[in-house]
Amino acid sequence: MPVDKSQIREKESVVVEGIELTADWNRMFEQRVVFDYDTTALDKVTDLAGGESMGWCYQCGKCVPVCPVDNVGEYGPRKIFRSLQLGEDLFNSDELWKCTTCMNCLRVCPKEVDMIKIMPAVREEAVMEGKVPEELQEVFEKTFEYGNPLGESQRKRADWTKDAGVEVPLMKDIKRPVDMLWFVECYPAYHTRGQDASRALARILNLLGTDYGILGTEEKCSCDSQRLAGETGLFEEFAEYNIGLFNKYKVKKVMVTDPHALNAFRKEYPKLGGKFETIHYTTYLAPLMEKLNFTKKLNYKVTFHDPCYLGRHNGEFDAPRNCLTAIPGVELIEMGRCREQSYCCGGGGGGMWLDGFMADHVTERLSENRVREAVETGADVLAVCCPYEVSRFEDAVKSTGNEGKLLVKDIAELIDEAL
Ligand code: SF4
Ligand code: SF4
């Protein structure tokens, strides 16, 4: 029989089925303490520098529908907080590796629960204890040994320049400070499709008469994704190395191809003494588009994928769009999830190297979900400006059966094609 508690309050006691219930408030308070949950698992996270905000969650659920991983599985900060309340040890859980640090939950969270700080903090502890998915551990080792996550020879880092059709100046040969250092990064230097975009960008820079140089075989990975995946020590070592190079060449301004490098250089390298301005290549090109003499009309319907680390993390939404709409014949069609609300390709926060691991946890890859959305717009081309995306989306075009319907091209490739 349900007990009417207000009745107890009024009468101090009430008899229910022959048993007298008393409003013994002290005893009830003690019982509440007994029935409170064990906070040990949650405390382990909130006690870490960076993990504090995990404890601020009040379970409103706003983060769940915007989490790209939840779209294809079961995830989000609300669910992680709840599992911690139930005593699950995040340090030993697969849940630790699913977050792509896309920042979409932080955008909507009224309590500012910050997965961009929580995830690296907890992952760092897991990495120190050797509890890392195998494929991610391999990437850490390749980065340490070769200076890049692909495990390619450092000596080949500038080989892509040989087929660029223009001279790509090396800082070690120029022997003077330049207006702008182009930090090429690993995928644009080694991955076949990344190299295509790099060659296109080199031709554009040369046409514009930009005074630039690249580091070539001296450059090493910016390591931001490794940092977000928990390898703080590796990140610091590589950051100090790259900062040393920037100082040697008296670099004041850096242009990056990769939004992850942009994020590292703007937010993390200054903490280690790096003092220089950094811009993305679309930010550099957008105001210069009218100086380019286009000779071709492309006649493409183009949809654009905002990279999480260029858009939400660093506030650049307009420059890529301004580059695209300045190309003759390009019609820009937006996807439903765009700009601040853009969907994630799945590559951030170490996700680039966790596709095998994620396959056991999601119904489809995030890149596949995104490609389906791009196809629905009726676009011929999915334009990208992050080097992780060309390979991810080209694979997803094939695996979703959309080959021949959608091309994936870097913005630099599209500009170059129209020149
Ligand atoms: S939006 Fe923030 S407060 Fe609300 S459930 Fe998600 S993490 Fe918790
Ligand atoms: S950062 Fe992105 S992937 Fe991670 S929990 Fe938040 S919304 Fe999901």
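This is a predicted model: local features need pLDDT of at least 70, side-chain atom pairs count only at pLDDT 80 or more; totals for chains, interfaces and linings use all residues.
The secondary structure of the protein comprises 21 helices and ten strands. Along the principal axes, the C-alpha atoms occupy a box of roughly 95 × 45 × 35 Å. Of the 419 residues in the protein, 47% are buried. When contacts between residues at least 6 apart in sequence are considered, 77% of them link residues at least 24 apart.

Four strands form an open sheet in the order β8-β7-β9-β10, and their pairing is parallel. Its edges are β8 (330–332) and β10 (407–410), each of which pairs on one side only. On average, and ignoring direction, neighbouring strands of this sheet are turned by 35° against each other. The pairing between β9 (residues 381–384) and β10 is parallel and extends over four bridges. Within the model, V384 lies opposite D410 of β10. Helix α21 (residues 411–418) packs on the sheet, where α21 touches β9 and β10. The direction of α21 makes about 90° with that of β10.

Helix α20 (residues 387–399) packs against helix α19 (residues 366–376) at an angle of about 70°, with the two axes 8 Å apart. An angle of 65 to 115 degrees counts as roughly perpendicular, and α19 is therefore roughly perpendicular to α20. On the α19 side, the contact is made by S367, E368 and V371. The α20 side contributes R392, F393, D395, A396, V397 and S399. By class, four residues of this contact are nonpolar, two are polar and three are charged.

The buried residues of α20 are P387, Y388, E389, V390, R392, F393, E394, A396 and V397. Among these, R392, F393, A396 and V397 also take part in the contact with α19. Just after α20, G401 adopts a positive phi of about 75°.

Ligand 1 is surrounded by 15 residues, of which C57, C60, C63, R78 and C109 are the closest. Helix α6 (residues 77–85) supplies three residues, the largest share of this shell. Ten residues of the shell around ligand 1 are nonpolar, two are polar and three are charged.

The shell around ligand 2 also has 15 residues. C67, C99, C102, C105 and M115 come nearest to ligand 2. Two or more residues each are given to this shell by α5 (68–71) and α7 (104–108). The shell around ligand 2 contains eleven nonpolar and four polar residues, and no charged residues.

Elsewhere in the chain, G244 belongs to helix α14 (residues 232–248). A residue is exposed if 12 or fewer other C-beta atoms lie within 10 Å of its own; G244 is exposed because 11 such atoms are found within that distance. G244 and L136 are separated by 108 residues in sequence and, C-alpha to C-alpha, by 27 Å in space.

Conventions: Residues are numbered from 1 along each chain as its sequence is written. Chains are lettered from A and ligands numbered from 1 in the order in which they are written. A residue is buried if 20 or more other C-beta atoms lie within 10 Å of its own, exposed if 12 or fewer, and partly exposed in between; C-beta atoms are placed from the backbone. Two residues are in contact if their C-beta atoms, placed from the backbone, lie within 7 Å. A residue is near a molecule or strand if its C-beta atom, placed from the backbone, lies within 6 Å of it. Ala, Val, Leu, Ile, Met, Phe, Trp, Tyr, Cys and Pro count as nonpolar, Asp, Glu, Lys and Arg as charged, and the others, Gly among them, as polar. Two strands pair if DSSP finds at least two bridges between them. Axes are lines fitted to C-alpha atoms, for helices over the stretch in contact, and angles run from 0 to 180 degrees between N-to-C directions. Angles under 35 degrees count as roughly parallel, over 145 as roughly antiparallel, 65 to 115 as roughly perpendicular and the rest as oblique.
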